[in-house]
Amino acid sequence: MTDMTLEARGLRKRYGGNVAVDGLSFRVEPGKVTGFVGPNGAGKSTTLRMMLGLDRPDAGQALIGGRPYAELAEPLATVGALLDCESLHPGRRARDHLRWLAHYSGLPVRRADVVLDLVGLTSAARKRAGGFSLGMRQRLGIAAALLGDPPVLILDEPVNGLDPEGIQWIRGFLKSLASQGRTVLVSSHLMSELQDTADHLVVIGRGRLLADTDVGELLDEASGGRITLRTTQRAEAMTVLAGDDVAVAVTGADTLTVAGLSSEDIVARLGAHGVAFSELARHRATLEEAYMELTGSVGEFTAGAEAVR
Ligand code: ADP
């Protein structure tokens with residue numbers, strides 16, 4: 001298979017006086033789930049539309065396997081996309097919808113049953129889409145994206161509004177698609193939605209690149225040297241552990257997170273003062289914490305995300 005890297009090269013798009021995408025460059029590699037993150041209005045959908053040839057960049061290029069979408073020999077067998085499910089006809093049955101899509105796209109009609117099975121909708125194949133839950137509609141949308149068995153998948157906010165079971169399913173499914181060697185780009189306005197899913201992150205704000213980073217490295221760095229301590233004597237522990245180069249933060253009803261002391265030091269100090277504790281563990285940062293640390297004073301992401309809620 002040819003190299004199915006996705007690439008944004010200096011992408012720029014303006015709507016009237018509003019710059020939606022402002023000189024964006026990044027690469028999305030095969031075999032991984034890449035999260036495309038930024039607050040609402042950051043320019044994610046505009047970027048994805050440009051990649052899919054649905055919007056024309058004012059400058060720069062969006063490339064799929066080295067070519068613009070319009071120059072792909074077999075677009076549907078190259079890239080599948082989930083943008084929104086609004087176009088679903090409520091009276092049409094799931095299987096018929098996919099067979100119709102396949103037929104009109106010049107793909108084998110038998111692919112409909114294959115993709116229904118892949119997304120776990122076989123038992124609902126004869127149900128009308130109008131009666132589908134949001135989770136089922138998302139599965140049907142993903143099934144449609146997979147009709148051409150494409151090596152590249154682009155999904156815009158697939159988790160938005162789903163229940164925990166639906167979120168769990170999408171996470172596992174995206175990971176399995178990536179493990180087959182596919183290039184998977186998934187957008188979200190919430191960092192927490194990509195926890196345990198994304199291997200790599202491309203973070204944007206106001207149309208610009210804020211971070212392009214491996215998730216494992218990011219979490220290791222953010223977790224670095226901090227220790228979480230469980231104690232019912234929180235106040236006493238804080239007093240005993242306090243020091244010039246030590247930072248102690250309250251992170252739960254009976255948990256503290258300590259930076260600047262080794263676990264041996266913590267145990268010794270608590271022991272010497274008879275402060276009881278039940279658990280001591282290396283702190284594992286969440287994606288959201290890591291992001292805050294990464295961007296430091298760039299409050300834009302959080303501020304923007306708050307402002308639009
Ligand atoms: P995101 O997907 O990150 O929420 P969008 O790409 O949808 O961001 O939007 C980026 C900016 O571009 C926003 O300010 C939005 O209002 C504007 N925008 C997006 N699409 C259009 C359009 N078709 N016409 C005018 N403005 C648009």
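This is a predicted model: local features need pLDDT of at least 70, side-chain atom pairs count only at pLDDT 80 or more; totals for chains, interfaces and linings use all residues.
The structure has 2 cavities of 30 Å³ or more, and the largest cavity holds about 60 Å³. Helix 5 (164-179) and strand 7 (183-188) each give at least two residues to the lining of this largest cavity. Among the lining residues are Ile 170, Arg 171, Leu 174, Val 186, Ser 187 and Ser 188, along with Pro 158, Glu 193 and Thr 197.

Turning to charge pairs, a search of the whole structure picks up 11 salt bridges. One of them joins Glu 7 to Arg 27, with the closest N and O atoms 3.5 Å apart. Glu 7 sits in strand 1 (residues 6-15) and Arg 27 in strand 2 (residues 18-28), so this pair ties together parts that lie 20 residues apart in sequence. Glu 7 counts as buried, at 16% relative accessibility, whereas Arg 27 is partly exposed at 39%. Arg 27 also meets Glu 29 in a salt bridge (3.6 Å, N to O), and Glu 29 is partly exposed, with a relative accessible area of 31%. Together with Arg 9, these residues make up a salt-bridge network of Glu 7, Arg 9, Arg 27 and Glu 29.

Another salt bridge pairs Asp 254 with Arg 230 (3.2 Å, N to O). Asp 254 belongs to the loop between strand 11 (247-252) and strand 12 (255-259), while Arg 230 is in strand 10 (residues 226-230), so the pair links parts 24 residues apart in sequence. Asp 254 is partly exposed at 28% relative accessibility, and Arg 230 is partly exposed at 31%.

Technical notes. Residues are numbered from 1 along each chain as its sequence is written. Side-chain values use heavy atoms; hydrogens and water are left out. On a 1 Å grid over the protein atoms alone, a cavity is a set of points where a 1.4 Å probe fits but cannot get out, and a pocket is an open set with protein on both sides within 12 Å along at least five of seven lines; lining residues have an atom within 4 Å of a point. Grid points are joined across faces, edges and corners, and a volume is the space filled by probe spheres set on the points. Helices (H or I, at least four residues) and strands (E, at least two) are DSSP runs, numbered from the N terminus. A salt bridge is a side-chain nitrogen of Lys or Arg within 4 Å of a carboxyl oxygen of Asp or Glu. Buried means under 20% relative accessible area, exposed over 50%, partly exposed in between (1.4 Å probe, protein chains only).
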